[in-house]
Amino acid sequence: MSALLDGKRLVLGTCYYPEHWPESLWKEDLERMLGAGIEVVRIAEFAWSKVEPTEGNFTYEFFDHFLDVAEEVGMKVIFCTPTATPPAWLTEKYPEALNANIDGVLFRHGARRHYNYNSPVYQKLSARITEKFAEHYAKRPCIIGWQLDNEINCEVSEFYSESDTAAFRVFLQEKYGTLDALNEAWGTAFWNQTYTDWQEIHVPRTTISNSTNPHEVLDYTRFISASARRFAKAQSDIIRRYTKPGDFVTTNGLFGNLDNHKMTEESLDFLMYDSYPNFAYCLDKYSDKPGDLKDRKWSRNLTEVRSVSPIFGIMEQQSGANGWNTRMEAPTPRPGQLTLWTMQSIAHGADYVSYFRWRTCTMGTEIYWHGILDYSGRENRRIREVREVHKKLQGMAEVAGAVYEAEVGILKDYDNVWDAQLDVWHQRVDSTSQKALFNAAQKTNTPIDFVYLTEDRTAESLKKYKVLFYPHATIMTEARALILKEYVVSGGTLVIGCRSGYKDITGKCVMNHLPGLLAELTGTDIPEYSFIAPDAGRVTVDWDGTELEASVFADLLEPVGDAKLCGTYTADYYAGSGALVCNAYGEGKAYYYGSAFNEESAKVFLEKLGVLAPYKDIVEVPESCEIAVRSKEGQRFLFVLNYDKNPAEIMLHTEGVNLYTQEKVSGVQKLEAYGTLVVKL
Ligand code: GAL
């Protein structure tokens, strides 16, 4: 069994950079960590040159020595492959290993993640250093697991090098076989884009108005994802040849243009995430709009991570101010926020939390990205808070392995996520609804899961959700339509928003009556549709006497067969046209809502469908507090997180055990500013 995520306890770690500090500090640092309850360090992700200082010359002493110290003091280690930062000797000799911008200008040495996944020489040299690391270090008893690279697809998630063009052609040849098939899939008859030779095809390049063929861009995004996954898999396959039994392989982050689900399935034991909620307080990003969720928004990212690995780790958890010398000026987390953000991660399913970083770096771009300690390493408020977190975790071991509870799911799939990136019509409805559904759920304390319709998804696995929203499934496939039908037939409630089912898998529009493959399930026909005109004023929907405000778009609906019209638009030229159709289908119901969701309408749906605020009989909290429940084997653990700088009062309607103090609790409880409470129910 793995030393982390073993379902037995919650563990703390930190990120350490032996190459940034004199060796004379190592032992003292590791002992101080252990004293603060930190049991694991992650090392080496940017330290290629320490092992291969010049091409083909390998020297292992540096990390041998560090691992000796770790073993001497009893520190566990997550070791990384160092491929996020190729050495200067490599990029100088093999510039083809570099990534480029869309105009082909190479990203040069001096930052990080400047390589591309498809350069044959980089594939060879990164595989070799991975093998050397694994071959030499994996046997060390202190090593408990491996991180691949660092934050795959962070910084840039687009690749425009010559190697990428060459690999893109191969990807397309494998996918389409013939140019005729590719021309058909990409609709190249439009604007005379027909290809007559594979050599004519490139990764996207600068075009007039930046409007490269959308079907090509969709395939290009799939290609980037496939390239990144193959890169991860190559490393994982090598490492697994050398790991000791129980040692895990993971990577950190959750970045764009990457199918994180497939990557995890192919190459990892579980995913780790890097959680930096203090981004919300960066001076140029801060929003004081009423209702903005600020740091609480990171729960949305954590919901994404949970969709990949229900129990996960945080490889980098915010512990100090953000800051590069070039961007991201942010305040130091206030007293209590480090604990709040740690508990936010744990509430969503993290059984391992590792702080970024132990000491604040004295050199380089990240001199302001503060860790637990400042430059001097002197005792400070943040390390005292880490010690307090550790104390709290001692009483929370039972939480380990428990899974976040949710009765509501938001369906997603990568085809639509990526289509919404490149298609502004899709993007406008999708970003509005995604934000609204999440915010409405958060503010009403209605837990939700994101549920990806991956290739291996079965209708059976959807049955645990009372309600599923699939806000704007613009691209629809037969396979997905079938799963949705099976879910509804067996008793589920499905809510579909506007603009669904009008594209096929290539991103081309279908010629069927809309909503295409979803017409039968939803009992809906859409003879006409429009963006809500900028001068339309307030467009409302009357849903059996409840008023909703339509957002962004209006599909004008007609019920078909036994389906019922339950809502109509009340404004503009389509006043009286259908806005909401409900279709009883098998044991369940499918709703087609003709607009995008805003916070209010999302709330009305949650309420009318009977899934709003499922914990209201257990606990009442003000809007500043998030509630989460993790459960396992009949045991349930309630988390209450106060994101406000003012204290909050909550009311526990049931008696439970406060896991921080092991005392019984019930009735009115006071949470301090940024205070948290974990109760075994
Ligand atoms: C993460 C990255 C770390 C460090 C941190 C602060 O994205 O993995 O290496 O750069 O951000 O910028």
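Predicted model: local features only at pLDDT ≥ 70, side-chain atom pairs only at ≥ 80, totals over all residues.
Residues are numbered from 1 along each chain as its sequence is written. Local features need pLDDT of at least 70, side-chain atom pairs count only at pLDDT 80 or more, and totals for chains, interfaces and linings use all residues, while side-chain values use heavy atoms, with hydrogens and water left out.

Eight strands form the open sheet, with parallel pairing, in the order E5-E4-E3-E2-E1-E8-E7-E6. Strands (E, at least two residues) and helices (H or I, at least four) are DSSP runs numbered from the N terminus, and two strands pair if DSSP finds at least two bridges between them. Strand E5 (248–250) and strand E6 (272–275) each have a single partner strand, so one side of each lacks a neighbour in the sheet. On average, neighbouring strands are turned by 25° against each other, direction ignored.

Strand E1 (residues 11–15) runs parallel to strand E8 (residues 350–356), and four bridges join them; leucine 12 has valine 353 of E8 as its bridge partner. Helix H1 (residues 23–35) lies across E1 and strand E2 (38–43), at about 135° to E2. Axes are lines fitted to C-alpha atoms, for helices over the stretch in contact, and angles run from 0 to 180 degrees between N-to-C directions.

Serine 500 is located in the loop between strand E13 (493–496) and helix H16 (519–522). With a relative accessible area of 1%, serine 500 is buried (under 20%; exposed is over 50%, partly exposed in between; 1.4 Å probe, protein chains only). Beyond its neighbours within four places in sequence, serine 500 is in contact (heavy atoms within 4.5 Å) with residues including Pro471, Ala473 and Tyr592.
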